[in-house]
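Good morning, everyone. Please take a moment with the sequence and the model before I walk you through the charged side chains.

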Amino acid sequence: MEKWYQNVNADAKIAYFLALSEKVLDKLTDYDWYPTVRESIDLCWEWVEESMRDMTFT
């Protein structure tokens, strides 16, 4: 049986796993390391947005 993630491109996989990370991260706001992880996830989303913009101009 083929897995769904074998049929999607890398960009879709990245967005999926970032969205899952967001769901988990919402439960971890009380930890002292939360701001560091939040910033890391935000940087990942920025990278995704920039790469999508770059793709539209090629």
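**Salt bridges in the model**

Let me begin with burial, where buried means under 20% relative accessible area, exposed means over 50%, and partly exposed lies in between, with a 1.4 Å probe and protein chains only: Glu22 is buried, and Arg38 is buried as well. Please keep in mind that this is a predicted model, in which local features need pLDDT of at least 70, side-chain atom pairs count only at pLDDT 80 or more, and totals for chains, interfaces and linings use all residues. Residues are numbered from 1 along each chain as its sequence is written, and side-chain values use heavy atoms, with hydrogens and water left out.

The structure holds two salt bridges, a salt bridge being a side-chain nitrogen of Lys or Arg within 4 Å of a carboxyl oxygen of Asp or Glu. Glu22 pairs with Arg38 in one of them, with the closest N and O atoms 2.7 Å apart. This pair links distant parts of the chain, since Glu22 sits in helix 1 (residues 10–25) and Arg38 in helix 2 (residues 34–56), 16 residues apart; helices here are DSSP runs of H or I with at least four residues, strands are runs of E with at least two, and both are numbered from the N terminus.

Arg38 also meets Asp42 in a salt bridge, at 2.9 Å from N to O, and both of these residues lie in helix 2, four residues apart, or about one turn of the helix. Arg38 counts as buried because its relative accessibility is 18%, whereas Asp42, at 32%, counts as partly exposed. Taken together, Glu22, Arg38 and Asp42 are linked in a network of salt bridges.
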